[in-house]
Amino acid sequence: MKTKAIIILGILLIFLSSSIVKGQSSQFSGEWKLNREKTALQSSWIFLSQIKIHLKSDSLLTTRIYEADSGEEYPFVENLSLDGKECKIVIYDMPRTTKALFFAKTGLINVESTTTFNGDYGEDNFKAKETWKVEDKGKTLSIAASSTSSGGSSSDTLYFDRVK
């Protein structure tokens, strides 16, 4: 009888924890577009203007669309695990290493990346740290971002409105 109660309790805990992750993933999953009025960009030569997110319990699939001042768009797809494991891709001939962590208790996602590119003085690394948070009852995604490279550093908070 005691074993049966422990098994039932274990099943309930697994179900409860998976439903918490599922609830959080539905908050992040969707299409998001930059709210240009609410966002004050510090460095605007290229910026994240849209992001499509598909969050599962163990992975994060994104399509990021960066935009240049000229209006040109640069999309790329990235599939990450949510356990902090490094994932490597190449975007526009630039190697990128990224790791992501999802914190179910706080509902935050942390994303850290290093993109290697050839700058004016040879090879350089663009390092970025992002903290994602869904706000306003699922209508707003905020991304607190900081970045560094040999050209300096910047930090912005980007606000996105849910499109879908």
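The lining of the second largest pocket comprises one nonpolar, seven polar and five charged residues, where Ala, Val, Leu, Ile, Met, Phe, Trp, Tyr, Cys and Pro count as nonpolar, Asp, Glu, Lys and Arg as charged, and the others, Gly among them, as polar. This is a predicted model, in which local features need pLDDT of at least 70 and side-chain atom pairs count only at pLDDT 80 or more, while totals for chains, interfaces and linings use all residues. Residues are numbered from 1 along each chain as its sequence is written, and side-chain values use heavy atoms, with hydrogens and water left out.

**Second largest pocket**
- A pocket here is an open set of points on a 1 Å grid over the protein atoms alone, where a 1.4 Å probe fits, with protein on both sides within 12 Å along at least five of seven lines, and lining residues have an atom within 4 Å of a point.
- The second largest pocket holds about 200 Å³ of space, a volume being the space filled by probe spheres set on the points, which are joined across faces, edges and corners.
- Its lining has 13 residues, with Glu112, Ser113, Thr114, Lys127 and Ala128 nearest the centre.

**Largest pocket**
- The largest pocket has a volume of about 1000 Å³, and of its 40 lining residues Trp45, Ile46, Tyr66, Phe126 and Ser147 are the closest to its centre.
- By class, its lining has 18 nonpolar, 15 polar and seven charged residues.
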